[in-house]
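Subject: Handover of a protein structure

Dear colleague,

Please find below the sequence and structure that I am handing over to you. My findings follow directly after it, and I would ask you to read them with the structure open.

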Amino acid sequence: MGRTIRKLSAKPLFVLLLVVPLATGCWDRLEIEERAVVLGISVDVAEPVAREKEDEVSHLGAYPPPKMDMIKVAAQIALPGRIPLGPGEGGGANNDPGKAVWVVNVVGHTIDDAIMNLQQQISGRLFFGHLRVIVVSEEVAKKGIQNLNDYLRRNSEVRRMAWLMISKGKAENLIKATPRLERVPTLYLISTLDDAVKQGKFPRDYTGMFWSNVSKKGQEGFLPYVEMMKEQNIEIKGMALFRGDKMVGATKPFEIAAYMLIKGLNPAGYRGMVRLTDSEDTVTINATHRASNIGLEIRNGHPHFRITAFSEINVEEKTSEAVTVATTDVLERIANENAQSLQKICEQLIRKSQKYGADIFGFGEYVRAYQPQYWNRHVRTKEKWQQMYKDVTFEVRMSSFVRRIGMKAE
């Protein structure tokens, strides 16, 4: 009889243990109206008088502030009910970007300190689940963004597919911009870079990919280098080169094409002008496809790389009616001139990266993968490869082929 009673009492207890975990799903819920949704942030160097205006939110007396330069952080916060949900006039924003978001700026000694100061001024809890753009000024990047990287990587709400970019000039200007093509300013920054990737004008380099490259022993990271123009549109000025967590230089816009050619990244979308050798006439070409192969060997105790790349092009425009492109000789001349020009640009970009000790191509990773004994014996550390990379030798070979020349109605 006692056993039967114990069995009967155990069944409800077992069912209760199964049901209790299912009833705890909303214990820490936070209503969307109680959140302050951050869409983008910018980081600039604070003005000299910032320390005097700072509110002592995170330090006082026994909690002294760190002895480091102060930064200015601006956050673009979505206004509830103002974000347009579709095309047209919907969403209550009246097509005015300034009415859809609210930009608040604060100062702090670190990113975490600045965010705490910002939370002190915002009623809702800051939420970074929709953070899509982080803009850092060139001045801050040259001093180092290790603190920013550390904060963002530790924050579980931050997406690894957000864009981290370097601004030529004040980063806050990009966060405050009101471009006409988008009703939400942050979306314009995102679409500028996403469309550049789709059109083959910039490699895919999300924040998570940048952190991954920076963490590798044989590679350095790079970020989009942008500038705001007069009409508050954004221009991609090149690639910001990093050595560790510090920006050490930048490329020119067309050198982005050279990087993508060396890496064999597609689609190819850059245009160029080729001058025919026997005249002053030029033709405009458009790259459509890239391919490359990187070989490695050890010569005289140093790594030597052989880069073989191929570019397929279309002829889009000619500057003179006297130029006839529908002949084999002219097409071969255009392809050869294009290959020679690309070879010079690629060699120039490699030398520039060697000058800064910034191996953005990941040649060091080739050494680690294909010559592990050499790496373990002569390199081993990231700092050693940064020094060795300046003396590495390269051999670049380019080839090109004209696929189409268009057509003309007679």
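A residue is called buried when its relative accessible area is under 20%, exposed when this value is over 50%, and partly exposed in between. Please also bear in mind that the model is predicted.

With that scale, one can turn to Asn-300, which lies in the loop between β11 and β12. Its relative accessibility is 79%, and therefore Asn-300 counts as exposed. The backbone angle phi of Asn-300 is near 55°, a positive value in a residue other than glycine. Arg-380 also has a positive phi, near 70°. Arg-380 is placed in the loop between α12 (372-379) and α13 (382-388), and it is exposed because its relative accessible area is 53%. A further backbone feature is the cis peptide bond between Asn-266 and Pro-267, with omega at about 5°. Pro-267 belongs to the loop between α9 (255-263) and β10.

The chain as a whole

The protein chain contains 13 helices and 13 strands. It has 410 residues, of which 46% count as buried. Its accessible surface comes to about 22500 Å², and carbon and sulfur atoms account for 51% of that area. Among contacts between residues at least 6 apart in sequence, 71% join residues at least 24 apart.

Strands and sheets

Strands of a sheet pair through backbone hydrogen bonds, in either a parallel or an antiparallel sense.

Which strands does β6 join by bridges? Strand β5 (residues 133-137) runs parallel to β6 and is joined to it by 5 bridges, and Val-135 has Met-165 of β6 as its bridge partner. Strand β7 (residues 222-228) also runs parallel to β6, joined by 2 bridges, and Ser-167 has Val-226 of β7 as its bridge partner.

Strand β6 (residues 163-167) is mostly covered, with 5 of its 5 residues buried. In a regular strand the side chains alternate between the two faces of the sheet. In β6, Trp-163, Met-165 and Ser-167 point one way, whereas Leu-164 and Ile-166 point the other way.

A helix and a surface patch

Helix α3 (residues 111-119) has buried residues including Ile-111, Ala-114, Ile-115 and Leu-118, and also Asp-113 and Asn-117. The buried residues of α3 pack against β1 (35-45), β2 (71-78), β3 (101-108), β4 (125-127) and α5 (146-154).

Val-20 is found in helix α1 (residues 2-22), and it counts as partly exposed because its relative accessibility is 44%.

Salt bridges

Side chains of opposite charge can pair when their charged atoms come close. The structure holds 16 salt bridges, and three of them are described here.

Glu-255 forms a salt bridge with Lys-352, with the closest N and O atoms 3.0 Å apart. This pair links distant parts of the chain, since Glu-255 is in helix α9 and Lys-352 is in helix α10, 97 residues apart. Glu-255 counts as buried because its relative accessibility is 3%, and Lys-352 is buried with a relative accessible area of 18%.

Lys-72 and Glu-47 meet through their side chains in a salt bridge of 3.8 Å, N to O. Lys-72 is in strand β2 and Glu-47 is in the loop between β1 and α2 (50-53), 25 residues apart. Lys-72 counts as buried at 16% relative accessibility, whereas Glu-47 counts as partly exposed at 36%.

Arg-368 and Glu-365 form a salt bridge with the closest N and O atoms 3.4 Å apart. Both lie in helix α11 (residues 363-370), 3 residues apart, which is about one turn of the helix. Arg-368 is partly exposed, at 34%, and Glu-365 is partly exposed, at 22%. Finally, salt bridges that share partners join Glu-47, Lys-72, Glu-172 and Lys-176 into one network.

A colleague

Notes. Residues are numbered from 1 along each chain as its sequence is written. This is a predicted model: local features need pLDDT of at least 70, side-chain atom pairs count only at pLDDT 80 or more; totals for chains, interfaces and linings use all residues. Side-chain values use heavy atoms; hydrogens and water are left out. Buried means under 20% relative accessible area, exposed over 50%, partly exposed in between (1.4 Å probe, protein chains only). Helices (H or I, at least four residues) and strands (E, at least two) are DSSP runs, numbered from the N terminus. Two strands pair if DSSP finds at least two bridges between them. Contact means heavy atoms within 4.5 Å. Accessible areas come from the Shrake-Rupley method with a 1.4 Å probe; for residues, only the protein chains shown count as cover. A salt bridge is a side-chain nitrogen of Lys or Arg within 4 Å of a carboxyl oxygen of Asp or Glu.
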